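Please open the model in a viewer and keep the selection panel at hand.

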Amino acid sequence: GAPIEPTGNPMRDGVGPASYAERMDEPDMTHHGEVKIVPLRAAHGYSVCAEDPDPRGMPVVACDGKEAGKIVDIWVDQSEHVVRYLEVAAGMRNVLLPITFAIVKSEPRFVYVNAITSEQFADVPGTKSPNQITFLEEDRICGYFGGGTLYATPGRSEPIL
């Protein structure tokens, strides 16, 4: 396999746009020694601004137009005070969706993901802990969604002309 014609599941195999670094398999920490990226259920003093749409409870619509799951939580970076991931209940498990791959629509209320199909949510790499994410897990998850921009559907990897 190669990035042009990969074998297996190219979105999990780490080739082309799905590539990732073998980073440390431990969570990033704040200057105060706390886990840096956590869900709101474990973060203290964080909430969604009243002027912004709260994505919790919103359906997630994938690039195939089908519902992939529902948003159950928001993961925040406690050092930089930004949203990093949306937690999606996708089938029998929860997976993390990088906020950079999500478009939150307030009317009608849904979250759109162009990177992957609804079925491909089942293969999103997971985390060892329900309340923290490691450097390696972050790279693998972001690589999976990045890989979907080329490999999610057959037409994406075909020549334009």
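A residue is called buried under 20% relative accessible area, exposed over 50%, and partly exposed in between. By that rule Lys-70, at 37% relative accessibility, counts as partly exposed. The model on display is predicted.

**Stop 1: the charged pair at Lys-70**

Select Lys-70 together with Glu-67. The two form a salt bridge, with the closest N and O atoms 3.2 Å apart. Glu-67 is also partly exposed, because its relative accessibility is 47%. Elsewhere, salt bridges with shared partners join Asp-28, Lys-36, Asp-77, Glu-80 and Arg-84 into one network.

**Stop 2: the whole chain**

Now select the entire protein chain and colour it by secondary structure. Two helices and seven strands are present. Read from the N terminus, the order of elements is α-β-β-β-β-β-β-β-α. The radius of gyration is 16 Å, close to the 15 Å that the globule rule gives for 161 residues, so the chain is as compact as a globular protein of that length. Along the principal axes, the C-alpha atoms fill a box of roughly 50 × 40 × 30 Å.

Of the 161 residues, 39% count as buried. Among contacts with a separation of 6 or more, 61% are between residues 24 or more positions apart.

Then display the charged side chains. The chain carries 14 positive and 23 negative side chains, and the centres of the two sets lie 3 Å apart. Side chains of opposite charge can pair when their charged atoms come close. The count of salt bridges comes to 11.

**Stop 3**

Select Lys-36, in the loop between α1 (10-13) and β1 (37-39). Is Lys-36 buried or exposed? Its relative accessible area is 13%, so Lys-36 counts as buried.

Leaving aside residues up to four places away in sequence, Lys-36 touches Asp-28, Met-29, Thr-30, Val-76, Asp-77, Gln-78, Ser-79 and Glu-80.

Which residues in this set form salt bridges with Lys-36? One is Asp-28, whose side chain meets that of Lys-36 at 3.4 Å, N to O. Asp-28 is partly exposed, because its relative accessible area is 22%. Another is Asp-77, for which the closest N and O atoms are 3.8 Å apart. The pair of Lys-36 and Asp-77 links distant parts of the chain: Lys-36 belongs to the loop between α1 and β1, Asp-77 to strand β3, and 41 residues separate them. Both Lys-36 and Asp-77 are buried.

**Stop 4: two backbone features**

Select His-81, in the loop between β3 (67-77) and β4 (82-90). Its phi is near 55°, a positive value in a residue other than glycine. At 57% relative accessibility, His-81 counts as exposed.

Finally, select Glu-107 and Pro-108. The peptide bond from Glu-107 to Pro-108 is cis, with omega near -5°. Pro-108 lies in the loop between β6 (103-106) and β7 (109-112). For context on these two selections, most residues other than glycine have a negative phi, and most peptide bonds are trans.

Technical notes:
Residues are numbered from 1 along each chain as its sequence is written. This is a predicted model: local features need pLDDT of at least 70, side-chain atom pairs count only at pLDDT 80 or more; totals for chains, interfaces and linings use all residues. Side-chain values use heavy atoms; hydrogens and water are left out. Helices (H or I, at least four residues) and strands (E, at least two) are DSSP runs, numbered from the N terminus. Contact means heavy atoms within 4.5 Å. The radius of gyration is taken over C-alpha atoms; the globule rule is 2.2 Å times the number of residues to the power 0.38. Buried means under 20% relative accessible area, exposed over 50%, partly exposed in between (1.4 Å probe, protein chains only). Lys and Arg count as positive and Asp and Glu as negative; His and the chain ends are not counted. The place of a charge is taken as NZ of Lys, CZ of Arg, CG of Asp or CD of Glu. A salt bridge is a side-chain nitrogen of Lys or Arg within 4 Å of a carboxyl oxygen of Asp or Glu.
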